[in-house]
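Good morning, and thank you for coming.

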Amino acid sequence: MTLQQIRLIIAAAIACLVAAPFVLNPFSITLLNYIGIYALAAIGLALLTGVGGIVSFGQAAFVGVAAYSTAWVTAVNGYSPWLGLVLAVVLTCSIAAILGFVTLRLGGHFLSLSTVAWGLAIAFLFGNIDGLGQHNGISGIPPISIGPLALVESRQIYFLIWAIVVAVLFVCYNLLDSRIGRAMRALRGGNTLVESLGISAFQIKLATFVIAAFLGSLSGWLYAHLGRFVSPGPFEAAMGIEYLMMAMVGGAGSILGGVVGAAIVTLLKNSVQDYLPLIAKGASGQLEIVAFSALFILFLQRARQGIVPFLAGFLPDLKQSRPQAATALPRREQPPPGTLLLKVSDAQRRFGGLVAVNNVSFDVKSGEILGLIGPNGAGKTTMFNLLTGALRANSGEIAFAGRSITRDQQFHIARAGISRTFQHVKLRPRMTLLDNVLLGTYSRTKTGLLAGALRLNQAEEASARYEALQQLERVGLGDKPFELAGNLPLGNQRVLEIARALAADPTLLVLDEPAAGLRRQEKLKLAELLRSLRADHLTILLVEHDMEFVMSLVDRIVVLDFGSKLCEGEPAAIRSDARVQEAYLGGVA
Amino acid sequence: MTADIAAILAIDGIATGAVYALVAIGTVLIFTVTRVIFIPFGDIAAFTALTLAALDAKQLPGTVGLVVVLACMASAMEVVSLARAGEFRAVPKAVLGYLVLPLIVVGIVWLTMRFNPPMPVRIVLALLLIMPISPLLDRIVFRPIADASVLLLLTVSVALHFALVGLGLLFFGPEGVRTEPLTSMAIEIAGVHVSGQTVLILAAALVFSGLLFLFFDFTLIGKALRATALNRTGARLMGIRPARAGTIAYLLGSLMAGVSGILIAPVNTIFYDSGFLLGLKAFVGAIVGGMASYPGAALGAFGVGIIESFASFQSSTLKDVIVFSLLIPVLLWRSLASQHSEEEVEE
């Protein structure tokens with residue numbers, strides 16, 4: 001499928017939306033209005049849950065804060081709905097920012113549990129504050145007016161609602177295709193991956209969280225002025241899970257899925273209300289929620305992928321054009337060969353009583369390949385984690401380019417110029433090769449959230465794309481930049497990780513067992529690639545198990561055993577060292 | 001606030017906390033063995049109260065219908081999955097476990113009801129009737145996705161809660177119930193009036209958590225459960241079936257929730273949807289214990305009870321807001337205290 005065809009489809013869809021109110025009966029239009037309003041909240045959740053991997057049960061509370069804000073401004077105090085919109089957005093986003101700031105450091109299910117807690121707490125507040133009408137709610141909310149035109153009828157507000165939905169869709173798609181959006185899409189790969197790219201996982205999570213709340217606030221504002229009445233009911237916990245259902249049924253991770261999910265759930269609910277009384281008279285209300293929950297559970301058991309990604313699988317692939325040559329991204333100044341780049345002095349790390357790394361010291365000079373080897377349990381991985389900031393040293397000092405990084409966070413270390421790869425490959429399998437490598441350029445680019453969402457960043461984006469393509473070509477993966485990373489064999493996945501690390505323009509490349517699990521041919525190709533990188537004056541630190549691979553490649557070797565440094569020297573000297581042979585073979589052979 | 005009022009509030013809080021503690025311990029039990037954060041646990045407690053109330057009123061409790069429906073679904077699913085795997089020889093045993101046993105329980109309740117049984121028997125009947133529900137739900141809802149991420153299991157669990165609330169309304173109706181007090185005794189401790197019900201609640205909480213402790217430390221099944229909680233794969237290699245360990249955990253947990261439901265029913269009016277708040281508050285307690293420690297969970301639950309009691313004195317309308325807002329600092333403290341390895345979100 002070409003870009004031209006996609007534009008045609010979008011134009012046709014918008015034409016249908018514009019024509020709908022002239023063709024449909026008033027009831028259908030009202031239904032469409034609610035679908036649009038729910039879709040806004042569901043798109044927010046699709047971003048948060050689907051893209052960012054943060055399952056939130058509290059979206060309904062954000063919608064509620066906005067609805068009550070505008071109700072209070074307009075119905076209680078008599079100001080304009082537009083002022084209501086301002087308060088709704090500001091208040092909702094502020095609450096989200098505070099809640100996010102406090103809770104987003106929590107791991108996995110603890111974070112989701114906290115959303116249940118504050119979702120309930122906020123919902124309880126609505127029913128218990130005197131100024132907000134308690135359980136009776138607030139009625140008499142005025143309609144939104146644009147100039148002299150008051151949007152009283154559902155046919156009128158329809159255009160406002162769907163204009164906002166379409167605008168939000170465009171902005172979200174732009175956002176996800178931009179620098180910050182790619183970082184959001186990387187969140188599901190885990191904090192270690194995200195931070196290793198120089199991205200602050202916390203900041204990106206907070207941004208995603210506030211965006212989701214912002215979309216919820218738009219939904220709440222429209223909801224209050226469409227129904228002209230608010231009460232605590234629609235913002236309680238049950239609605240929170242309904243929004244989650246919309247986002248996941250539509251296909252969490254897909255923005256359009258939010259709209260599709262909202263449409264399906266709303267229409268289904270509507271028809272369930274029609275048909276359930278035929279099955280069980282007088283019990284329809286309770287059966288409705290049972291039927292819905294059961295369907296949702298069945299969906300989660302059987303088809304977690306969701307509808308939009310499922311259907312998109314049948315569409316022909318989008319034909320994308322290769323990135324064109326563009327201005328190069330600024331490069332870091334590399335230190336002259338032979339200078340001291342990384343200095344580890346007396347680094348120690350304990351896990352309870354176990355000393356995993358015991359007062360280890362070594363240097364890395366620029367332009368060399370240093371191998372860090374040792375038998376199983378020697379402390380190689382712990383040492384690696386200390387260097388990259390995944391773990392903190394209990395004592396000792398690690399200095400990079402003359403500056404101490406001992407206490408730095410992972411993403412600060414990455415930004416300082418240390419790029420890493422992972423022993424167990426951490427790629428985003430559903431992103432293309434190009435997008436995976438583009439993640440590496442994060443720390444070299446500047447485009448912010450807004451600029452990305454409004455596509456004001458095209459020059460920098462073109463440079464970044466060109467840079468990513470060049471790195472792909474450099475490692476020999478330049479022929480299919482739009483292939484999905486998950487489709488590559490393991491050997492090429494490791495090479496892709498190296499390309500991603502190179503895209504950050506590092507001073508020091510640290511590789512964690514790059515040859516693990518590779519076949520002989522793949523190892524040879526990898527060694528060749530690393531040699532060519534050294535020829536380009538890149539410094540490489542290699543943690544490796546495979547002796548043959550290390551010996552043929554590196555300039556110097558540091559041997560660890562039981563957490564301590566055994567010896568250090570050139571490959572030939574290490575090979576003949578009796579202590580090394582004893583450590584590896586259990587005695588002089 | 002005078003010292004007297006503070007004492008009364010504290011005692012009240014401890015009693016409520018004891019009820020939460022039972023549910024919290026059950027929650028931790030199920031989470032450690034199955035990794036499911038079983039939100040519907042409070043519903044089980046509420047359903048027990050409603051069951052007991054129906055038995056008191058000499059009506060057939062709605063639980064009977066619920067158990068029959070769930071037993072049919074669970075056994076049908078089990079038989080189909082066995083048939084697909086070609087294991088026809090295991091079918092009779094599956095039918096026995098998932099259909100016949102629950103139906104026997106229903107039969108016993110139905111028969112005994114005709115003889116106007118005394119209170120203790122009615123309590124036992126209510127507990128018997130409630131215990132099959134969670135294991136059956138486990139078979140229907142969680143077993144097909146036993147290896148999914150904790151997060152997905154949590155989402156399913158929340159959805160299941162809402163399904164149960166709907167079923168609760170269907171089977172029990174909208175009326176709230178308050179059962180007869182278990183005892184009318186009262187004692188005075190240091191000038192403060194303490195009702196027999198409070199003493200009973202505390203005693204029951206102590207006895208049942210003590211029994212659980214003995215079960216874990218001195219029986220083979222208990223040790224198998226602990227092994228499963230520590231390491232599912234390892235336990236499986238030792239011949240322990242995680243599915244069976246899960247069933248036992250659900251049975252035991254239901255017993256704890258059921259007891260708490262019976263203890264709270266004479267004190268608070270229980271509706272079909274009262275379970276959510278009960279469960280969530282117990283849950284706050286369980287999180288204090290990091291979802292892993294039984295004494296921690298119990299301590300946390302007592303804390304929640306006491307805070308709730310004092311909060312409701314200050315502002316009865318906002319007590320729930322206060323309790324749930326407290327969860328956030330607790331979670332923060334937990335996440336700082338425990339260095340957990342990150343679980344990658346599935347694609």
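Predicted model: local features only at pLDDT ≥ 70, side-chain atom pairs only at ≥ 80, totals over all residues.

In what order do the strands of the open sheet in chain A follow one another? The order is β6-β5-β8-β9, four strands with antiparallel pairing. At the edges stand β6, residues 354-365, and β9, residues 403-404, each of which pairs on one side only. Strand β8(A), which covers residues 395-400, pairs with β9(A) in the antiparallel sense over 2 bridges. Within this part of the sheet, Ala399(A) has Ser404(A) of β9(A) as its bridge partner.

Let me now turn to chain A as a whole. The chain contains 23 helices and 14 strands. Its C-alpha trace spans about 85 × 55 × 45 Å along the principal axes. Chain A has 589 residues, of which 50% count as buried. If we take the contacts in chain A between residues at least 6 apart in sequence, 74% of them join residues at least 24 apart.

Finally, we come to the contact between the chains. Chain A contributes 40 residues and chain B contributes 39. On the chain B side, the elements giving two or more residues are α7 (150-172) and α14 (319-337) of chain B. The largest share of that side comes from α7(B), with 16 residues. By residue type, the side of chain B that touches chain A comprises 27 nonpolar, 6 polar and 6 charged residues.

Note on methods:
Residues numbered from 1 in each chain as written. Chains lettered and ligands numbered in written order. Pairing = 2+ DSSP bridges. Contact = placed C-beta atoms within 7 Å. Nonpolar A, V, L, I, M, F, W, Y, C, P; charged D, E, K, R; others polar. Buried ≥ 20, exposed ≤ 12 C-beta atoms within 10 Å, placed from the backbone.
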